[in-house]
Amino acid sequence: MRNADRMKYVYGIAALATIAMSAAPAWSQANPDPNAAPNPYRLEEGWAKQPMGRGHGSTIGLNVDRDGKSMWIYDRCGGNTCENSKIAPLNKYDASGKVVASIGAGLIDRPHGLFVDQDDNIWVTDGGGKKGHTVTKLSQDGKVLMTLGQPGVAGDGPNQFNAPSDVVVAPNGDIFVADGHGEKTNARIVKLSKDGKFIKAWGKAGKGPGEFDVPHGIALDSAGRVFVADRANNRIQIFDQDGKFLAEWKQFGRPSGIWIDKNDTIYVADSQSSDKLNPGYKQGIRVGSAKDGKVTAFIEEKKDLGSLEGVGADDAGNVYAGYTGAMNLKRFVKD
């Protein structure tokens with residue numbers, strides 16, 4: 001091969017490599033310490049007023065209302081389950097931390113995932129029980145608009161779920177469900193149309209690309225990519241909306257909750273990292289960019305709290321943390 005031809009060949013290979021790398025989300029961290037990002041937030045003591053007549057309960061779901069400042073909070077009816085309870089599991093908090101609406105009493109057994117869509121409809125997952133293994137769409141006043149799955153029936157068919165953990169809805173109305181919570185439940189992502197018709201599912205139990213071990217949370221970025229909190233595999237997996245694997249990110253820890261705002265800031269709650277389960281990582285909320293995967297802030301978990309599974313943020317950038325073990329709700333504001 002002549003030298004000129006050889007150089008053209010080398011440059012051509014380099015160009016193809018550059019194109020291939022740019023096709024998937026990339027990330028780079030200057031500091032390999034996963035806990036080194038600064039914490040520009042402070043805990044706002046006493047922000048959340050308790051719902052009337054009860055405590056917070058295991059707080060698992062947090063999502064900002066479309067007004068950008070109110071927060072919908074999904075907890076387990078003042079305890080760790082809503083079975084046989086008449087307490088409303090969904091409470092809307094205004095910016096001052098006051099509860100201004102309560103809905104969903106008697107509808108849910110085991111609260112888990114929560115999403116507020118662009119039309120202000122509220123979507124929740126119910127992880128089990130006689131009413132559970134379902135995804136329910138509610139209006140802001142608590143009217144049931146749609147129920148997906150078969151109440152009380154666990155399965156892996158096109159109209160079934162088994163311990164669905166979370167749900168997110170795309171701008172075009174397509175529904176994505178993180179279906180499964182370990183312990184021989186499902187381990188897949190289910191895609192449905194806006195009217196609830198099954199489109200496809202992908203994934204199975206395992207540790208490889210496109211496989212899951214507790215798909216505990218799900219979110220979409222502005223490009224429409226599907227981010228899955230693959231908790232027991234210590235990673236976030238990223239897909240296109242047809243289920244094509246794009247990337248995995250481990251820099252956000254062992255993810256229990258995941259939220260991406262309209263500016264593609266990603267918030268990830270890590271409730272389980274330890275020397276045994278995810279060595280080198282501390283528990284807390286990692287904040288970064290969904291575009292390049294860089295972690296820019298870290299709110300470390302404190303000993304007096306516990307089981308930080310829910311995470312969300314309002315348009316002002318205040319960060320909300322839901323605790324299942326400690327049964328609490330906290331807000332962090334920037335200094």
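Colleague: Ala 229 lies in strand β15. What makes a run of residues a strand?

Modeller: This is a predicted model, in which local features need pLDDT of at least 70, side-chain atom pairs count only at pLDDT 80 or more, and totals for chains, interfaces and linings use all residues. Residues are numbered from 1 along each chain as its sequence is written, and side-chain values use heavy atoms, without hydrogens and water. A strand is a DSSP run of E with at least two residues, numbered from the N terminus. β15 covers residues 226–230, so it meets that rule.

Colleague: Why is Ala 229 called buried?

Modeller: Its relative accessible area is 0%. Buried means under 20%, exposed over 50%, and partly exposed in between, with a 1.4 Å probe and protein chains only. Ala 229 is therefore buried. Ala 229 is also 106 residues from Trp 123 in sequence and 18 Å from it in space, C-alpha to C-alpha.

Colleague: What makes β14 mostly covered?

Modeller: Its residues, 215–220, give the count: 6 of 6 are buried.

Colleague: Which strands form the open sheet, and in what order?

Modeller: 4 strands stand in the order β6-β7-β8-β9, with antiparallel pairing. The edges are β6 (111–116) and β9 (144–148), since each pairs on one side only. From one strand to the next, the twist averages 20 degrees. That angle is taken between N-to-C directions of axes fitted to C-alpha atoms (for helices, over the stretch in contact), on a scale from 0 to 180 degrees.

Colleague: How many bridges join β7 to β8?

Modeller: β7 (122–126) and β8 (134–138) run antiparallel and share 5 bridges. Ile 122 stands opposite Leu 138 in β8.

Colleague: How do you know that Cys 77 and Cys 82 form a disulfide?

Modeller: Their sulfur atoms are 2.0 Å apart. A disulfide needs a pair of cysteine sulfur atoms within 2.5 Å, so this pair qualifies. The search of the whole structure finds 1 disulfide. Both Cys 77 and Cys 82 are buried.

Colleague: Why is the disulfide called right-handed?

Modeller: The torsion about the S-S bond is about 100 degrees, so the disulfide is right-handed.

Colleague: What makes a space a cavity and not a pocket?

Modeller: On a 1 Å grid over the protein atoms alone, a 1.4 Å probe fits in a cavity but cannot get out. A pocket is an open set with protein on both sides within 12 Å along at least five of seven lines. Lining residues have an atom within 4 Å of a point. The structure holds 1 cavity of 30 Å³ or more. Its lining includes Pro 51, His 56 and Tyr 93. β3 (71–75) and β4 (90–93) each supply at least two lining residues.

Colleague: What volume does the second largest pocket have?

Modeller: About 350 Å³. A volume is the space filled by probe spheres set on grid points, which are joined across faces, edges and corners. The pocket has 14 lining residues; among those nearest its centre are Arg 76, His 112 and His 181.

Technical notes: Two strands pair if DSSP finds at least two bridges between them.
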